[in-house]
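Me: I would like to go through this model and ask, for each label attached to it, on what grounds the label was given.

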Amino acid sequence: MNDYTNIRLDKTMYRADKSFSQQLEMMDPSDRYTGPLGRLDAFQRQLKRFDIKVGGAASDQIAKFFATSDSAALFPEYVARAVRQGMEEAKALESILASTTVIDSMDYRTISTLEEDMTLADVMEGGFIPQTTIKLRESLVHLYKRGRMLAASYEAIKFQKLDLFTVALRQIGASIARSQLKDAVGVLLDGDEEGNDNAATPFQIAGTSLAYGDLLTLWEKMGDYQLNVILASPDMAVDILKLEQFQSTAAGADFQKTGKLVTPLGATLISSSAVPAGTVIGLDHRYALQKISAGEVRVDADKLIDCQLERAAVTTIAGFAKVFPEAVQVMKESL
């Protein structure tokens, strides 16, 4: 087993079947370390090996990655991790997912469930036991490729500190997450594929403007599901916050101190421009939506190593499918 200080690194470690980090872990398993090194993963130990500091006031310059051919091989993984961190910091998408499935192909069929009666009735001896049928859908889940092109002159940025460059990469990740949230909202509203017949059926608010009674109607339409997330367009989120029922002193003080929105009817309120104007989506995040991801964040490793940035794509491929359509209800200002 190689010690982490003499592992040979090169761009051939960026393969389709295993990520760079996965291969590093195979070559240098983290579970054999204790103490300070045991708190690092294999990639972080390589940063330590080459004394590359990517954060903090004492962070290194981008040029530090390209001091040797081995350390240059770490740069694409650093980029991917910073972008992924930005995606993870965008909490709105994670707040509406029931599950995330990672696949290693571009073809995926999710499941559908058929159940005549969810009630667990008393079954007499020899009697019929109600069944739930789980089967694969006929249509494939549509996967979307989202990403950004990194374009920069290495000569212009090689002396830039890595902490600031990380901020820029995290912003790219946040932008990708916003695009994915828009894809997810499209599935919640319009269904995941033609023929699946799982588009939402919106209802219109009762009056000319949003009232507390409309939120109660949304809550009622959830039926046996729990209304635990309200995803609203910015204009409707403001209308919700203006309702007298959500203007208590305690709620206002918490919003002013933490920036967290009040929680109508116990649900988390998320305001997003991904939701069409005049629209409120109520959902039970435990059962509503599945994310299908075709691998992790991808980078043009060859270009980032050989061309030292200049122009390289950072992409991710993912799609969404409804799990239980009844766990999603939609309210609109006008139909």
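This is a predicted model: local features need pLDDT of at least 70, side-chain atom pairs count only at pLDDT 80 or more; totals for chains, interfaces and linings use all residues.

Reply: Residues are numbered from 1 along each chain as its sequence is written, and side-chain values use heavy atoms, with hydrogens and water left out.

Me: How many helices and strands does the chain have, and what makes a stretch count as one or the other?

Reply: The chain has 12 helices and 12 strands. Both are DSSP runs numbered from the N terminus, a helix being a run of H or I of at least four residues and a strand a run of E of at least two.

Me: Why is Asp 70 called buried?

Reply: The relative accessible area of Asp 70 is 14%, and buried means under 20%, exposed over 50% and partly exposed in between, with a 1.4 Å probe and protein chains only, so Asp 70 is buried. Asp 70 lies in helix α4, residues 69-72, and, not counting residues up to four places away in sequence, it touches Ile 7, Arg 8, Leu 9 and Phe 50, where contact means heavy atoms within 4.5 Å. Across the chain of 335 residues, buried residues make up 42%.

Me: What makes Asp 51, Ser 99 and Arg 15 partly exposed?

Reply: Asp 51 has a relative accessible area of 42%, Ser 99 has 31% and Arg 15 has 41%, so each of them counts as partly exposed. Asp 51 is in the loop between α3 (42-49) and α4, and it has a positive phi of about 55° although it is not a glycine. Ser 99 belongs to strand β1, residues 99-103, and, leaving aside neighbours within four places in sequence, is in contact with Leu 289, Gln 290 and Lys 291.

Me: What makes β5 and β7 edge strands?

Reply: The open sheet is formed by 5 strands in the order β5-β12-β8-β6-β7, with mixed pairing. β5 (203-204) and β7 (268-271) each have a single partner strand, so one side of each is left without a neighbour in the sheet. As for β12, 4 of its 5 residues are buried, so this strand is largely enclosed by the rest of the structure.

Me: Why are α5 and α8 called oblique to each other?

Reply: The axes of α5 (residues 75-89) and α8 come within 6 Å and cross at roughly 55°, axes being lines fitted to C-alpha atoms, for helices over the stretch in contact, with angles from 0 to 180 degrees between N-to-C directions. Angles under 35 degrees count as roughly parallel, over 145 as roughly antiparallel, 65 to 115 as roughly perpendicular and the rest as oblique, so α5 and α8 are oblique to each other. The residues making the contact include Phe 75, Tyr 78 and Val 79 of α5 and Leu 162, Phe 165 and Thr 166 of α8.

Me: How do you know that the span of α8 is close to what is expected?

Reply: The expected span of a helix is 1.5 Å times one less than its number of residues. Helix α8 (residues 162-190) has 29 residues and reaches 42 Å from its first C-alpha to its last, close to the 42 Å expected. Gly 191, with a positive phi near 90°, follows α8. The helix lies across β6 (229-232), β8 and β12, and runs at about 85° to β8.

Note on methods:
Two strands pair if DSSP finds at least two bridges between them.
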